[in-house]
Amino acid sequence: MRLNALAYVFLISSILLGALVPVAFGFGTKMNIPEFLFLVSIAASATMLVFVVLKGRTSRLIEYLTNPRDLGVIAAIGILQYAVWGYGFLYAERFVSVSLAAAIYRTFPLLMLIFLPFVLRERVTKYQVAALGLALLGLVIALSGSLNISAGSDFPIILLLIGVALSNAFTSVMIKKMMFDIYSSMFLFNITNSILFGSIFLLGGFSPSPISASELIAIAYMGVVGFSTLGVMYYSALRMLKTTLVTNLYFLSPFLTFIYSFFIFGEAIRPYYIAIAALVGVGLFLQKADALGGTYLQKGKQEAQTIFDVTSAFINCEEERINSVIKRGGRVLAVKMSAKHKEALNMAIFSQNGFRTHLYTDLHNTIKRDEAQFIREIMGIEQGEIALLSAGEPTQSEQELRELSARTSGLN
């Protein structure tokens with residue numbers, strides 16, 4: 001399956017499965033919170049260990065375990081993401097409805113806009129802001145039309161849920177930036193949280209509570225799906241697709257939660273949900289029509305050409321130099337070039353004269369076919385065009401792409 005198609009499969013699946021997460025959390029609100037999250041983290045760790053073995057990521061996992069820096073960063077992200085999310089949600093749902101908790105938490109796509117230009121250097125355009133604004137309007141309609149906030153909730157709990165959403169927004173952007181192996185890092189996320197919540201549960205007196213059938217189902221779902229499989233699908237899609245496209249679609253999640261809540265808890269489905277879905281659809285149209293949104297935000301004031309960050313095409317790269325660059329925190333940037341410059345580009349790349357980054361085109365024999373196809377889709381490469389790629393420190397790559405493209409164009 002092509003990378004782009006796989007990304008959409010992951011994205012849609014994660015939305016459908018993720019909408020059930022607030023419901024599953026709702027079944028666990030009567031349990032001791034550290035106990036519930038400890039059991040969930042253990043189940044999720046076991047699930048991810050199976051993934052690590054089946055996907056052949058054991059060596060990568062060992063690499064992280066023997067690297068204190070990587071291990072520390074992964075552990076910190078795991079706590080900010082899953083510990084904060086899990087504890088915050090379970091605590092909040094003791095005071096507010098499942099639907100309200102889900103709706104407020106799903107504001108995290110808007111909060112991601114705060115971090116995109118600074119952490120990922122992704123350009124945020126007015127079209128993207130408009131698209132996300134339409135999705136937010138749908139959320140406001142849902143909140144005002146079906147949820148009585150003033151009567152049924154506590155303002156500090158609302159602030160807590162916003163804090164959880166902010167934490168999720170930051171960690172989502174960081175996971176996309178760091179490009180750690182998703183299977184190994186998800187395993188380490190859960191091991192870290194099992195140690196954390198196991199310690200809290202132990203220090204709290206280690207008094208196991210009786211577990212009902214519904215609570216057992218909730219633990220199983222959150223362990224096998226919520227804290228593991230769902231993360232693999234969501235973060236894989238986030239890495240491969242335009243960030244704001246993923247976040248725009250994720251605004252559908254709370255409305256799916258409302259539907260699930262109808263079947264499970266008997267909550268009413270409102271007719272205007274169709275209008276809400278339509279707003280999200282219009283936002284997606286704006287995203288599709290926006291050619292600049294999500295491209296690399298250049299440091300120079302004068303942008304002669306659009307630069308694309310295509311690092312996501314090399315998540316499982318076998319090319320040693322590109323893989324090494326990504327491990328060190330570098331990126332793979334690219335610009336469009338006319339195909340008539342192919343020979344001149346190949347000569348310059350072969351000589352590597354004066355270049356500090358690793359240069360390629362999408363036709364280079366070390367770039368796999370699916371990687372090249374994905375790059376062309378990201379960049380919108382048309383017939384008569386090729387992609388010039390630079391793997392290295394982003395600022396250096398930006399400079400060398402400009403220099404090489406200008407030098408090559410001047411030869412013809």
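The dialogue below reads selected features of a predicted model.

Colleague: How many helices and strands are there in the protein chain?

Modeller: The protein chain has 19 helices and four strands. Of its 412 residues, 52% are buried.

Colleague: What share of the contacts with a separation of 6 or more comes from residues 24 or more positions apart?

Modeller: Such residues account for 86% of those contacts.

Colleague: How many bridges join strand 1 to strand 2?

Modeller: Two bridges do, and the two strands run antiparallel. F308 has A334 as its bridge partner in strand 2.

Colleague: And over how many bridges do strand 2 and strand 4 pair?

Modeller: Strand 2 and strand 4 pair over eight bridges, again in the antiparallel sense.

Colleague: Why is strand 2 called largely enclosed by the rest of the structure?

Modeller: A residue counts as buried when its relative accessible area is under 20%. Strand 2 is largely enclosed because six of its eight residues are buried.

Colleague: Which residues does A391 touch, not counting residues up to four places away in sequence?

Modeller: Leaving out residues up to four places away in sequence, A391 touches I322, V325, R331, V332, T357, H358, Y360 and S397. As for T311, its C-alpha atom is separated from that of A391 by 8.5 Å, although the two residues are 80 apart along the chain.

Colleague: Now the helices. At what angle do the axes of helix 6 and helix 10 cross?

Modeller: The axes of helix 6 (residues 98–105) and helix 10 (residues 155–178) cross at roughly 45° and come within 8 Å. That angle makes helix 6 oblique to helix 10. The crossing is right-handed.

Colleague: Which residues of helix 6 and helix 10 meet?

Modeller: On the helix 6 side they are L100, A101, I104 and Y105; on the helix 10 side, I158, L161, I162, V164, A165 and N168. By class, the residues of this contact are nine nonpolar, one polar and no charged.

Colleague: How many residues of helix 6 are buried?

Modeller: Eight of its eight residues are buried, and helix 6 is mostly covered. Among them are V98, S99, A102 and A103.

Colleague: How do helix 11 and helix 12 cross: at what angle?

Modeller: The axes of helix 11 (residues 182–203) and helix 12 (residues 213–240) cross at roughly 135° and come within 10 Å. Helix 11 is therefore oblique to helix 12. The crossing of helix 11 past helix 12 is right-handed.

Colleague: Which residues of helix 11 meet helix 12?

Modeller: I182, Y183, M186 and N190 do, and in helix 12 they meet F227, S228, G231, V232, Y235, S236 and R239.

Colleague: Where do helix 3 and helix 5 meet?

Modeller: In helix 3 (residues 33–54) and helix 5 (residues 68–92), the axes come within 10 Å and cross at roughly 135°. The two helices are therefore oblique to each other, and helix 3 passes helix 5 in a right-handed crossing. I33, F36 and L37 in helix 3 meet G86, Y87, L90 and Y91 in helix 5. Six nonpolar residues and one polar residue make up this contact, with no charged residue.

Technical notes:
Residues numbered from 1 in each chain as written. Predicted model: local features only at pLDDT ≥ 70, side-chain atom pairs only at ≥ 80, totals over all residues. Heavy atoms only, no water. Contact = heavy atoms within 4.5 Å. Axes fitted to C-alpha atoms, helices over the stretch in contact; angles between N-to-C directions. Parallel < 35°, antiparallel > 145°, perpendicular 65-115°, else oblique. Left-handed = near helix turned anticlockwise from the far one by under 90°. Nonpolar A, V, L, I, M, F, W, Y, C, P; charged D, E, K, R; others polar. Pairing = 2+ DSSP bridges. Buried < 20%, exposed > 50% of the residue type's maximum accessible area, 1.4 Å probe, protein only.
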